[in-house]
Amino acid sequence: MTILILGSGGREHTFAWKISQSPLCKKLFVAPGNSGTAAIAENVAIGVTDFEAIKTLVLEHNIDMVVVGPEDPLVQGVHDFFLNDEKLKHVAVIGPEQAAAELEGSKEFAKEFLFRHNIPTAAYQSFNASNVEEGYAFLETLKAPYVLKADGLAAGKGVLILNDLDEAKAELKAMLVDSKFGAASTKVVIEEFLDGIELSCFVLTDGTNYKILPTAKDYKRIGEGDTGLNTGGMGAVSPVPFATDEFLEKIETRIVKPTIDGLVKDNLPYKGFVFIGLIKVGDDPMVIEYNVRMGDPETEVVLPRLKNDLVELFQAVANGTLNEIDLEVDERAATTVMTVSGGYPEAYEKGKEITGLEAIEGSIPFHAGADVKDGKIVTTGGRVLAITSYGNTYQEAIKKSYQNIEKLHFDKMYYRKDIGFDL
């Protein structure tokens, strides 16, 4: 098969790394890709939401399958674009159709889905600029901390958790009235704070059958001890040590199964990944959010633990035969640590040369915000490289990642030295 991956981050490099190992993959393209994908696939300078350019590429190279990495093209309906085009409808697209992608595109839509299917989640209400006063009143009924979520896509930065009521009211006004997150915060969901420890559950579904992939936990805050600003993710660990068999059983029966059944009941066509953001409250799992694609940097620890041929899995998703495949998982732990540009997640400089990659031993460097320029690998984003390692324990794996990071250098490189600290 000839396969196209859409995206340019660490997640997409990991997909390319795994797909390129498959004997079923004859030729691999990545649009737009990065320096990591350039070494194992052909990068094409096309934006992930430029559907017409994607169509041209697919027809020109007889591409059989499109694997969608990020959420934007899914929320904008890339799968529907293929289905509605006579020349493209035979191409397998891995990712849900637009109606189902609203699970990530709208926090309110997701909360309504959760309540409709009796899936455990926090109590909530949603507000817009016309009823901001009611939002203040709702905040007064809650106990601190206060959780405010921009309804739309805000690149992972639209969630605020605040301890002070007046500050929460001021932020609600900033989001709704002053458009703090632009169009994403024309509506804001306020929900009760759930106290517990977070983890991610990843499910691959063909619309009716599903496979639960290895669990992972990522670390969103820029600072050690989970302090400072939210980022796209600073590292991840798989499996999650506290996710016992009993707890995983609860996740499947109370959350995964009703989610997949709910998609069928609501007629939301889904072929792809469901990323369920969970929190363990006491001994019970509750849903924080849905994403309609794989997480980043969790992909960098989940896919390396999958022993299956990923292309075979994707073919089963496309054909509706996922029930015929047994998932094989590497028993070892995998961890990843993200190296980021100085200043991230706020302003940072790009174009810094990265050295030391060739010295890495026993870890896999997944490129995220990096590209080739004049024969050198340079930084192009906030999150630059994810260094993934295996180990018999997550402590052993994490130690290996840190040993290899010490061999890397780019100007103002930063990383958290405490990934896995809370486990």
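Hi everyone, let's start with one histidine. H79 touches V93, G95, P96 and E97, if we skip residues up to four places away in sequence. This histidine, H79, lies in helix α5, residues 78-83. Is H79 buried or exposed? With a relative accessibility of 7%, H79 counts as buried, because the cut-off for buried is under 20%. Please keep in mind throughout that this is a predicted model.

Now let's step back to the whole chain. The domain assignment gives domain 1 as 2-94, domain 2 as 123-192 and domain 3 as 332-422. Between the centres of domain 1 and domain 2, taken over C-alpha atoms, there are 36 Å.

Next, the inside of the protein. In soluble globular proteins, nonpolar side chains tend to be buried together. Here, the largest nonpolar core has 62 residues, and I19 and F314 have the most contacts inside it. Which helix gives the most to this core? That is helix α12, residues 310-319, with 6 residues. And where does the core sit relative to the domains? Domain 1 and domain 3 both contribute residues, so the core lies between them. There is also a second, separate core of 50 residues, and L4, A31, L103 and A243 are among them.

Let's stay with F314 for a moment. Leaving out its neighbours within four places in sequence, F314 is in contact with F15, I19, M65, V67, I94, L204 and F273.

Two names on that list, F15 and I19, bring us to a helix pair. The axes of helix α1, residues 10-19, and α12 come within 8 Å and cross at roughly 100 degrees. That angle makes α1 roughly perpendicular to α12. On the α1 side, the contact is made by F15, K18 and I19, and on the α12 side by L310, V311 and F314. How do the residues of this contact divide? We have 5 nonpolar, no polar and 1 charged.

Setting aside residues up to four places away in sequence, L313 touches L204, L306, N308, L322, I325 and L327. For a sense of distance, L313 and V384 are 71 residues apart in sequence and 29 Å apart in space, going C-alpha to C-alpha.

How values were computed: Residues numbered from 1 in each chain as written. Predicted model: local features only at pLDDT ≥ 70, side-chain atom pairs only at ≥ 80, totals over all residues. Heavy atoms only, no water. Domains from an automatic or database assignment. Core = buried A, V, L, I, M, F, W, Y, C linked by side-chain atoms within 4.5 Å. Buried < 20%, exposed > 50% of the residue type's maximum accessible area, 1.4 Å probe, protein only. Helix = DSSP H or I, 4+ residues; strand = E, 2+ residues; numbered from the N terminus. Contact = heavy atoms within 4.5 Å. Axes fitted to C-alpha atoms, helices over the stretch in contact; angles between N-to-C directions. Parallel < 35°, antiparallel > 145°, perpendicular 65-115°, else oblique. Nonpolar A, V, L, I, M, F, W, Y, C, P; charged D, E, K, R; others polar.
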